[in-house]
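Hello,

Here is the structure for you to look over. My notes follow below it.

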Amino acid sequence: METKSTAGRYGVVAVTLHWLSAILILILIVSGFRASGMEDAVAKAGVLKLHVPLGATVLLLTLGRAGWWLWADRKPASLSTPTWQDRSAKTVHLLFYVVIFGMAASGIGMMALSGAGPLIFGGEVSVLPDFREYPPRIPHGIGARVMLVLFVVHVGAALYHHIFMKDGLLKRMWY
C-alpha cells in the first residue's frame, strides 16, 4: 500500500488517520456520555482522565489530517455515484471537521472556565465543578449528539455501498 493516495484508493497515512480517529471518537462519545451521568467525583475524574487527553489527541489528529489533505496528498477520484450522494458525503465530511473543532473548543473552554484540569490531573479528587454551570457545556453536549448522528450516517452509507452497491468504496479506505 502506498503512503499517499492513488486515483483508486486512499494511502496508508489517510487510512491510518481515518481509522484511528474513528476509534478514538467512539471512545470519546462513550466516555463523554458516561461521565455526564456520573455523580461520584472520583469515578467521574477517572473517566475524564481518559476523555480529556483523547479529545486533545483527536484535535491533533484532525489538524494533521487537514494538513495532510491540504499540503501532502490528494483524495482519490470520486466513484460514479449520483450527485446527491456525492454532495451528501462531502457535507458529512465537512460537518465532521466542524463538529470536531467545535467539540475541542468547547471542551477546552469547559476545562479553562471550570478549573477542573488541575483537579482531574492533579491527584486526589473529592469534588468536581458542576460542568452544567459553564456555557461551553451546551455546545459540547449538542456536538456529541451531532457527532453520534454523523457517525451513524457515515457508517450506514459505507455499509450501504459495501453490501448493496458492491462498488468497492469501503475497500478504498482499508489497508
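This is a predicted model: local features need pLDDT of at least 70, side-chain atom pairs count only at pLDDT 80 or more; totals for chains, interfaces and linings use all residues.

Residues are numbered from 1 along each chain as its sequence is written, and side-chain values use heavy atoms, with hydrogens and water left out.

Ser21 sits in helix H1 (residues 12-36). Helices here are DSSP runs of H or I, at least four residues, numbered from the N terminus. Ser21 is buried at 4% relative accessible area. The classes are: buried under 20%, exposed over 50%, partly exposed in between (1.4 Å probe, protein chains only). Beyond four places in sequence, Ser21 contacts Leu61 and Arg65. Contact means heavy atoms within 4.5 Å.

His51 belongs to helix H2 (residues 41-72). His51 is buried, at 15% relative accessibility. Setting aside residues up to four places away, His51 touches Leu28, Ser31, Gly32 and His140.

Leu159 is in helix H5 (residues 137-165). It is partly exposed, at 39%. Leu159 also belongs to a nonpolar surface patch with Val155, Tyr160, Ile163, Phe164 and Met165, about 560 Å² of accessible area together. Such patches join nonpolar side chains (Val, Leu, Ile, Met, Phe, Trp, Tyr) within 5 Å, from residues with over 30% relative accessible area and no salt bridge. Areas are Shrake-Rupley, 1.4 Å probe.

Lys166 lies in the loop between H5 and helix H6 (169-172). Lys166 is exposed, at 65%. Its phi is near 50 degrees, a positive value in a non-glycine residue.

Best wishes

Notes: Helices (H or I, at least four residues) and strands (E, at least two) are DSSP runs, numbered from the N terminus. Patches are made of residues with over 30% relative accessible area and no salt bridge: like charges are joined within 9 Å, nonpolar side chains (Val, Leu, Ile, Met, Phe, Trp, Tyr) within 5 Å. A salt bridge is a side-chain nitrogen of Lys or Arg within 4 Å of a carboxyl oxygen of Asp or Glu.
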